[in-house]
Amino acid sequence: MAEIIVAATQNKHKIQEIDAITREFGMKIISRKDAGVPDVEIVEDGDTFEENSYKKAYEIMKLCGKITIADDSGLEVDCLDGAPGVYSARFAGIDGDDEANNRKLLKLVRDVPYEKRTARFVSVITMVFPDGESIVARGEVEGHIMLEAKGSNGFGYDPLFVPVGYDRTFGEIESEIKNRISHRANALITLREKLDNRRL
């Protein structure tokens, strides 16, 4: 029987990606709504992905009393000193406005040569248990920012990001491939390793 884990995020895209990956680990991700968690907003005021990820998981775990998993992720662009970073979802001022965020990013890097448009997606996944124990796993994927959005798969900055070793953006790459190589996949692999060690 699959172990039920509550997803702290309300981002349906993230839940789908996490569920597609964690299913292989014998876990069943359910939404906050399905877990009976009140519709509360968790303020993401941390300076790091780790702080925000832990806060989201811990607050929702307190409300539902079940193992909770939270992901905080974003894009770090080297020529922008790591921006947008933890502000990735609200880079242009409105939370979750992917098109506006992408437009702002393109405007900032349009005069930067390709070799200096290096970037990485970062995902920090935290699992918090009812007894207060927590497991933190970080995953990254390196790549470059393109000057034109391509592809309709994925979400966020996916249409602008080409991972190292590929010639297509995350917006063009099939979800099955993305779920194997993405920052979130790498974080979940690390999480699985830590869970395995925990059971030893």
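A nonpolar core is taken here as a set of buried Ala, Val, Leu, Ile, Met, Phe, Trp, Tyr and Cys residues joined through side-chain atoms within 4.5 Å, where buried means under 20% relative accessible area, exposed over 50% and partly exposed in between, with a 1.4 Å probe and protein chains only. The model is predicted, so that local features need pLDDT of at least 70 and side-chain atom pairs count only at pLDDT 80 or more, whereas totals for chains, interfaces and linings use all residues. Residues are numbered from 1 along each chain as its sequence is written, and side-chain values use heavy atoms, with hydrogens and water left out.

In the largest nonpolar core, which has 20 residues, the members that touch the most others are Ile 5, Ile 29, Ile 69, Met 127, Leu 188, Leu 191 and Leu 195. Two or more residues are given to this core by each of strand 1, helix 1 (12–22), strand 2, strand 4 (118–128), strand 5 (134–145) and helix 5 (183–199), helices (H or I, at least four residues) and strands (E, at least two) being DSSP runs numbered from the N terminus. Helix 5 gives the most, with five residues. Leu 191 is in contact (heavy atoms within 4.5 Å) with Ile 69, Ile 125, Met 127, Ile 135 and Ala 137, when its neighbours within four places in sequence are left aside. A second core, separate and made of 17 residues, has Val 112, Ala 119, Ile 145 and Ile 173 among its members.

Six strands form an open sheet of mixed pairing in the order 2-1-3-4-5-6, two strands being paired if DSSP finds at least two bridges between them. Strand 2 (27–30) and strand 6 (161–163) each have a single partner strand and stand at the edges, so one side of each is left without a neighbour in the sheet. Strand 1 (residues 3–7) and strand 2 run parallel and are joined by four bridges, and Glu 3 has Met 27 of strand 2 as its bridge partner. Strand 3 (residues 68–77) and strand 4, by contrast, run antiparallel with ten bridges, and here Asp 71 stands opposite Ile 125 of strand 4. Eleven bridges join strand 4 to strand 5, again in the antiparallel sense, with Ile 135 of strand 5 as the bridge partner of Met 127. The hairpin of these two strands has five residues between them, and Gly 132 takes a positive phi near 100° in this hairpin.

Strand 4 is mostly covered, since ten of its eleven residues are buried. Val 128, which is found in this strand, counts as buried at 0% relative accessibility. Val 128 lies 71 residues from Ala 57 in sequence, yet their C-alpha atoms are 6.0 Å apart in space.

Aromatic rings of Phe, Tyr and Trp (its six-membered ring) pair if their centres lie within 6.5 Å, and planes under 30 degrees apart count as stacked, over 60 as edge-to-face and the rest as tilted. Four aromatic pairs are counted by this rule. Phe 121 and Phe 170 form a stacked pair, at 6.0 Å centre to centre and 15° between the planes; Phe 121 belongs to strand 4 and Phe 170 to the loop between strand 6 and helix 4 (175–181), 49 residues apart. The rings of Phe 161 and Phe 170, with centres 5.4 Å apart and planes at 45°, form a tilted pair.
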